[in-house]
Amino acid sequence: MERTRSQQLMERAVQVIPGGVNSPVRAFRAVGGEPLFIARGEGAYITDVDGNCFLDCIGSWGPLILGHTPPRVRQAILTQLDCGTTYGAPTEAEVEMAEMLCRLVPSCGMVRMVSSGTEATMSAIRAARGFTGRAKIVKFEGCYHGHADYLLAKSGSGVATLGLPDSAGVPPSIAYDTITVPYNNLGAVRDVFQSHADQIACVIVEPIAGNMGCVLPMEGFLEGLRDLCSQSGALLIFDEVMTGFRVAKGGAQELFGIRPDLTTLGKVMGGGLPAAAYGGRREIMQSMAPLGPIYQAGTLSGNPLAVAAGLATLRIIAEDPALYDRLDAKGRYVAQGLKKAADKAGVPVTVNQVGSMFTLFFHPGPVTDYASAKASDTARFARFHAAMLQQGVYLPPSQFEAAFLSDAMTDGDLELLVGAAAKALQSL
Ligand code: PMP
């Protein structure tokens, strides 16, 4: 059989890139397929190097809430390009960007820009440790906060997808100060606070988890974390790299009305280019160099092209009062459609959805933490994923990743998605 161009490129890629990919989940290992090499993206669709077109429900793993390169974002990048790509010096646009972030995200009195979500969470944790003078951090099983050594314990995303216990290359001494507890288990967090009260620098949490698939916080969970942190002097960090500007203009903290001390942002705020940030209470952020003793820096931080794309994206979001209502309606339509189709096909599933992020778990449910997510039938998910791809729908190649809808998707696109799922579920 003739090799596709994607297959030919993969043969070359594996010679020079580990697993042929620059980020593990892209390798399609969990679904037993081979990755598609993408040639272009337009609106709600992507096209691979063989000319196959797909409805894009990955959206670059979260950034593309408006679809691929909306005209205003494209124009903003081109306008900046004419003025240069990077200066390593302050710019007017990054001030506007910081003002915009502080205006939209309730807990951010000040922000510092970085280039990736990993950097944002690393920096926020350093800020929390520096500010409190404490060492220990509390994280939740199945949450992913980037690939910093001490954050890979019981991590979600690619670590979950590949079934790794934890990453090799992380000495126990480095993970020593990381305490891991089950998501949605406030009692377990209370126990940790009881035994380590004044040693805990921070609790870091995905306020809506996306990296074990989409898992919602149960009533009172985030409020409970807020109270425990406030009582003990630990800082609460909301990792909103995925949920920031995704579930509401002001992220999950706006949706649930809870104020963390620090927030990490990424994905949507870069408008498809590498930009991320951490921010929070002014007194904490004023401890960062050059104002204070906590060091953090970056050659390409606040990169002008990334700021141009991000600012244009945030302006579109800020100016559109109906955007999140539209995205919520799309998410609900898809979630209900998937559940109905699964029931009709007699396949036990749970659909978790918030706004435009969702996961179809092959598990009767409820899915509320890493243990229940992991109990899903991943072999069935793999068959479902392949059947969807065959019908032109590009879903995350892992049971443990959230899928994303974009504002570029029309009613017709969503009907295509639900219709394809109905057929795929019948065929399992
Ligand atoms: N935090 C969360 C919640 C994420 O979803 C991710 C990426 N999926 C990260 C941090 C890390 O971001 P990046 O891949 O940009 O380093």
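**The surroundings of the ligand**

Modeller: Around the ligand stand Ser116, Gly117, Thr118, Tyr144, His145, Gly146, Glu206, Asn211, Asp239, Val241, Met242 and Lys267, a residue being near a molecule if one of its heavy atoms lies within 4 Å of it. This is a predicted model, in which local features need pLDDT of at least 70 and side-chain atom pairs count only at pLDDT 80 or more, whereas totals for chains, interfaces and linings use all residues. Residues are numbered from 1 along each chain as its sequence is written, and side-chain values use heavy atoms, with hydrogens and water left out.

By class, this shell holds three nonpolar, six polar and three charged residues; Ala, Val, Leu, Ile, Met, Phe, Trp, Tyr, Cys and Pro count as nonpolar, Asp, Glu, Lys and Arg as charged, and the others, Gly among them, as polar.

Polar contacts are pairs of N or O atoms within 3.5 Å; within protein, one must be able to donate a hydrogen and the other to accept it, and residues adjacent in sequence count only if both atoms are side-chain atoms. Lys267 places a polar side-chain atom 2.9 Å from a nitrogen atom of the ligand. For Asn211, a polar side-chain atom lies 3.0 Å from an oxygen atom of the ligand. Tyr144 takes part through its backbone, with an N or O atom 3.4 Å from a nitrogen atom of the ligand. Of the 390 Å² of accessible area that the ligand has on its own, the protein covers 81%; accessible areas come from the Shrake-Rupley method with a 1.4 Å probe, and for residues only the protein chains shown count as cover.
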